[in-house]
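Hello,

Here is the structure I promised to pass on to you. Have a look at it first, and then read my notes below.

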Amino acid sequence: MYMVKTPWLLKKLYPQLIWNKSRKSPCIYLSFDDGPIPIVTPFVLNILKQYNAKATFFCIGDNVNKHPDIFEQVKNAGHAIGNHTYNHLKGWETDDKAYLDNFLKADELLNANLFRPPYGRIKKSQIKLLKQVQPVINIIMWDVLSGDFDIKLTPEACLQNVLKHTENGSIVVFHDSLKAFDRLEYVLPRAMEEWNKQGFEFKPLNP
């Protein structure tokens with residue numbers, strides 16, 4: 001069970017997290033979780049390049065360690081980099097110290113001041129710890145979840161998810177993962193084309 005559009009109540013409960021950007025200008029903040037990996041991440045980079053779009057990649061440290069060449073491609077293309085822990089830990093089920101250590105292990109490779117908790121699940125005690133260790137950290141959530149990770153979701157329904165709910169300042173989540181690729185490969189070029197027609201810009205989540 002997941003919600004495509006983040007409810008306002010959740011944003012109110014966690015005001016210290018970043019859920020969306022300014023609604024005043026026609027700009028979308030695309031983000032890609034769980035990479036970098038072969039085939040999928042280069043596909044994403046190619047589509048973004050076609051539209052002169054910049055995005056934010058929340059990378060898993062273990063994947064960066066396995067695929068440093070693809071990680072360099074992401075950085076060299078001018079996209080923002082975020083930490084997504086080293087082993088994709090679920091905060092609600094992880095001891096605080098273990099969570100922090102895993103974040104720091106990834107940070108040695110990523111050196112990023114953006115962080116997205118895997119599954120969007122993080123305890124308030126973990127938020128406090130991260131901010132103590134790295135005061136400039138920006139913890140990024142989202143207001144549109146594409147659902148591309150959902151193998152029961154058709155590519156067409158996934159496309160409608162993002163087109164229906166994205167607006168000025170939306171932070172949109174996709175996944176550059178093998179699990180998501182069937183939907184991502186269909187959705188990303190079509191969504192980009194439609195958003196481009198509507199006059200949206202695509203910016204990274206740089207602080």
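A polar contact is a pair of N or O atoms within 3.5 Å; within protein, one must be able to donate a hydrogen and the other to accept it, and residues adjacent in sequence count only if both atoms are side-chain atoms. The side chains of S31 and R116 are joined by one of 2.8 Å.

Before going on, please note that this is a predicted model, where local features need pLDDT of at least 70, side-chain atom pairs count only at pLDDT 80 or more, and totals for chains, interfaces and linings use all residues. Residues are numbered from 1 along each chain as its sequence is written, and side-chain values use heavy atoms, with hydrogens and water left out.

S31 lies in strand β1, residues 27-33 (strands are DSSP runs of E, at least two residues, and helices are runs of H or I, at least four, numbered from the N terminus). With a relative accessible area of 0%, S31 is buried (buried means under 20%, exposed over 50%, partly exposed in between, using a 1.4 Å probe and protein chains only). Beyond four places in sequence, the residues that S31 touches include T56, F58 and R116; contact means heavy atoms within 4.5 Å.

T56 belongs to strand β2, residues 56-59, and is also buried, at 0% relative accessible area. Its contacts, leaving aside neighbours within four places, include L30, S31, F32 and A80.

Happy exploring!
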